[in-house]
Amino acid sequence: MEENLSVLMRQLMEARLERVHTWLPAKIISFNAETLRATVEPTIKKVVGPDGQEIKLPYPLILVVPVDVIKTYNFIIRPPYAKDDPVTLGFYERSVEEILQDIKQRDPKFSRKHHLKDAIVVQGRMTDKEGKERPAPGCWVDQLIIHRRETGTVVRITADGDIVIQCDPAQGVYLGPGPLDDVAPEVVAPYQMIRGTPHKAWVDAHVHGGVQPGGGVTGPPVTPSPALSKHVHVGD
Ligand SMILES: [Fe+2]
């Protein structure tokens with residue numbers, strides 16, 4: 001009798017635990033960059049049923065999951081989550097379906113706990129396979145970096161406090177207007193930068209033609225000024 005009770009208790013607890021979600025590995029199916037919500041698919045199977053008779057089932061897609069990014073009311077750092085990005089899901093301890101609408105304090109609408117419907121995408125995550133085939137940069141380990149892995153483009157704040165912006169010659173560093181999606185490249189082009197060492201060297205050494213002794217007017221410089229940078233663009 002006692003043994004039966006203990007088996008029953010155990011089965012009840014197991015059945016209950018099956019419905020309690022804490023953390024799950026998942027991947028992004030789609031990401032809405034405006035609402036910061038994602039559709040995600042857990043990358044582990046759900047194990048249900050009593051010991052020895054377990055069945056492994058895929059979890060369903062989880063829709064409209066909030067994505068935890070660094071943001072305040074006025075500022076945001078938004079990673080460009082895309083299909084198949086591995087992430088971690090956390091699960092709120094109570095129903096947040098209504099709670100997430102605004103910042104008002106109120107009762108949870110439903111009694112569910114740690115439910116799949118109350119997931120949040122916590123962070124991007126690297127798989128072991130990706131870590132081997134496509135590791136994150138092993139340099140700049142004491143620096144804050146924003147790094148585009150395909151092109152090598154990086155914005156870094158060094159331990160000394162320098163700000164470094166580096167990119168491949170095929171890319172450009174833009175300061176000032178554009179290039180935003182809604183600004184055509186030709187709008188940006190007039191702002192190309194010629195300042196810096198090449199410009200100073202030219203100013204220091206350039207010679208004017210048509211100089212008249214005692215005259216107040218010169219001709220234009222004999223040598224043309226350095227070409228505009230194709231890579232650094234700056235607004236007025
Ligand atoms: Fe001059």
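In this predicted model, strands β10, β11 and β12 make up an open sheet, arranged in that order and paired antiparallel. The two edge positions are taken by β10 (144-147) and β12, each of which has a single partner strand, so one side of each is left without a neighbour in the sheet. Direction ignored, neighbouring strands of this sheet are turned by 10 degrees against each other on average.

The pairings within this sheet can be followed residue by residue. Four bridges hold β10 and β11 together in the antiparallel sense, and here L144 lies opposite I157 of β11. A hairpin is formed by β11 and β12, with five residues between them. In its turn, G161 has a positive phi of about 100 degrees.

A second open sheet contains five strands, which follow the order β5-β2-β1-β8-β9 with antiparallel pairing. Its edges are β5 (62-66) and β9 (119-124); each has a single partner strand, so one side of each is left without a neighbour in the sheet. From one strand to the next, the twist averages 50 degrees. Within this sheet, β1 (residues 23-32) and β2 (residues 37-42) run antiparallel and are joined by six bridges. One of the paired positions brings together S30 and its bridge partner in β2, T39.

The largest contribution comes from β1, with four residues. This core has 15 residues, and those touching the most other members are A38, V40, V65, V87, L89 and V121. In general, nonpolar side chains tend to be buried together in soluble globular proteins.

Apart from neighbours within four places in sequence, V87 is in contact with A26, K27, I28, V40, V121, Q123, G124 and R125. Two of these partners, V40 and V121, are listed with V87 among the core residues that touch the most other members.

Across the protein chain as a whole, the secondary structure amounts to four helices and 14 strands. Buried residues account for 8% of the 236 residues. Of the contacts between residues at least 6 apart in sequence, 50% join residues at least 24 apart.

Notes: Residues numbered from 1 in each chain as written. Predicted model: local features only at pLDDT ≥ 70, side-chain atom pairs only at ≥ 80, totals over all residues. Pairing = 2+ DSSP bridges. Axes fitted to C-alpha atoms, helices over the stretch in contact; angles between N-to-C directions. Core = buried A, V, L, I, M, F, W, Y, C linked by C-beta atoms within 7 Å. Buried ≥ 20, exposed ≤ 12 C-beta atoms within 10 Å, placed from the backbone. Contact = placed C-beta atoms within 7 Å.
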